[in-house]
Amino acid sequence: MRRVYLDNNATTPLAPEVFEAMKPYLVEQFGNASSIHWFGQQAKAAVENAREQVAKLINARPNEIAFTSGGTESDNTGLFGIVEAARRRQDSAKHIIISAIEHPAVLNAAQALEKRGVSVTYVRVGSSGVVDPDDVERAIRPQTVLISIMHANNELGTIQPIEEIGRVAREHGISFHTDAVQSVGKIPVDVERMRIDLLSLSAHKFHGPKGTGALFIRKGTNLLPLLYGGHHERDRRPGTENVAGAVGAGRAAELARLNLDPQARRIAALRDRLEDTILAGIPLTARNGDRERRLPSTSNLRFDHVEGEAFVIAMDLKGVACSTGAACSSGSLEPSHVLSAIGLTKGQARSSIRFSLGRLTSAEDVDCALETLPGVVEQLRALSPHYRSSRQLTVHS
Ligand code: PLP
């Protein structure tokens, strides 16, 4: 059976070039990058080269990049690191601003901070799934120490006005963190132009290895580390360097930078064909979130009277991998907080599906998904009592 992978926002396959670059550092070049002998220095040089490659992708300086275990750790370090540093300076409860559509890595970190006495404002979004910078500005208080707004949303793909929010943060002298895990390597990211102080990225979202990410920390930013240990990563993140991981992240960053525009155009064209064909050909379907301001790779669609989880399973049985917007928590199927935030009902959120394309997605993959989809939708709708009764009403009227 042909297998089609349309879940690239979850993770991407390792690029063969990245694997080749990593291989020596898993076998022969095994040194500890903190050792002073030859083996260590070989490893250190490789990590520093990777740091430059990552920095270049986001227009940062290499010494502003700290390697981490991924997006989750980078987000947590950004939030806790800024708040704890501010508390150490003044030891009073603080205030931070995030959006209502953040990834759980930011959302749950903010909620943990709330339990420690930090106030959190959750800025709302409208049906477009885009944050209004004026709302961010209105939320600022004298105690605000951090604004953390994601660059691209993982479920909808919507791109937030980071440059405008960066300007607001800078004008008020507040640190600005962005979770750019879904945007780095897919669309241009420039920490200077966007006035970003802290940025999280994760290599496995752009064809690098899982378990490796980075946090950009602007020079002069006052940040406490999340972990305590040795003096690695300029005291910002202790632990023996993951040399092969860093090398993989660096090579993946380089590949992404060299191919950014053509790749984005090609993927957007495929995504649009997939989306337009579905919306035009299958009744009772709709797009979630803004059509224009979103990643080239992502399409989040609603199929009324279709149960999302059942859809994903049925498509998977036919070889097509996609995902729902709903997350299963504590045994009950809660609708996604992102889809709820844009105003969808529980039912609509449960009928929403995310298709995310990537570097390896081909026109044939899209054809295959388009051939499979109508039958699956029809089959699942036939099981829906609501759909059956609404059809009978239409037939009789
Ligand atoms: N932030 C966003 C927006 C994400 O999409 C993800 C992963 O899905 C993360 C953070 C977490 O990254 P990681 O898987 O590297 O921990």
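Predicted model: local features only at pLDDT ≥ 70, side-chain atom pairs only at ≥ 80, totals over all residues.
This note sets out numbered points on the structure shown above.

1. **Helix H2.** Helix H2 covers residues 38-57, a run of 20 residues. From its first C-alpha to its last, H2 reaches 29 Å, close to the 28 Å expected at 1.5 Å a residue.

2. **The buried residues of H2.** The buried residues of this helix are Gly-40, Ala-43, Ala-46, Val-47, Ala-50, Arg-51, Gln-53, Val-54, Ala-55 and Leu-57. What do the buried residues of H2 pack against? Their partners are helix H1 (16-26), strand E2 (65-68), strand E7 (198-202), strand E8, helix H7 (232-235) and helix H8.

3. **Helix H8.** Helix H8 comprises residues 243-281. A straight helix of 39 residues would span 57 Å at 1.5 Å a residue, but H8 spans only 49 Å between its end C-alpha atoms. Where does H8 have a kink? The kink lies at Leu-260, shortly before the proline Pro-262, and amounts to about 70°.

4. **Ile-217 in strand E8.** Strand E8 runs over residues 213-217 and includes Ile-217. Is Ile-217 buried or exposed? Ile-217 counts as buried because its relative accessibility is 6%, and the cut-off for this class is under 20%. Apart from neighbours within four places in sequence, Ile-217 is in contact with Glu-64, Ala-66, Asp-197, Leu-198, Leu-223 and Arg-236. The C-alpha atom of Ile-217 is separated by 16 Å from that of Ile-162, a residue 55 places away along the chain.

5. **Thr-298 in strand E10.** Thr-298 belongs to strand E10, which consists of residues 298-303. With a relative accessibility of 0%, Thr-298 counts as buried. When neighbours within four places in sequence are left aside, the contacts of Thr-298 are Asn-9, Glu-155, Leu-156, Gly-157, Arg-271, Arg-354 and Phe-355.

6. **Aromatic residues.** The whole structure holds 5 aromatic pairs. In one of them, Phe-303 with Phe-311, the ring centres are 5.2 Å apart and the planes meet at 25°, so the pair is stacked; the cut-off for stacking is under 30 degrees. Phe-303 counts as buried at 0% relative accessibility, and Phe-311 is likewise buried, with a relative accessible area of 0%. Elsewhere, Phe-30, Trp-38 and Phe-39 form one aromatic cluster.

7. Which of the 13 residues around the ligand come nearest? They are Gly-71, Thr-72, Asp-179, Ser-202 and Lys-205. Asp-179 places a polar side-chain atom 2.6 Å from a nitrogen atom of the ligand.

8. **His-207.** This histidine is placed in the loop between E7 and E8. His-207 is buried, with a relative accessible area of 10%. A polar atom of the His-207 side chain lies 2.8 Å from the backbone oxygen of Pro-13. Not counting residues up to four places away in sequence, His-207 touches Thr-12, Pro-13, Leu-14, Ala-15, Val-18, Ala-252 and Arg-359.

9. **Positive phi values.** Asp-235 is not a glycine, yet its phi is positive, near 65°. Asp-235 lies in helix H7 and is partly exposed, with a relative accessible area of 43%. His-305 also has a positive phi, of about 65°, although it is not a glycine. His-305 is located in the loop between E10 and helix H9 (308-317). At a relative accessible area of 27%, His-305 is partly exposed.

Methods: Residues numbered from 1 in each chain as written. Heavy atoms only, no water. Helix = DSSP H or I, 4+ residues; strand = E, 2+ residues; numbered from the N terminus. Buried < 20%, exposed > 50% of the residue type's maximum accessible area, 1.4 Å probe, protein only. Contact = heavy atoms within 4.5 Å. Phe/Tyr/Trp six-rings, centres within 6.5 Å; stacked < 30°, edge-to-face > 60°. Expected span 1.5 Å × (residues − 1). Bend = angle between axes of the 7 residues up to and from the residue. Near = heavy atom within 4 Å. Polar contact = N/O pair within 3.5 Å; in protein donor to acceptor, adjacent residues only side chain to side chain.
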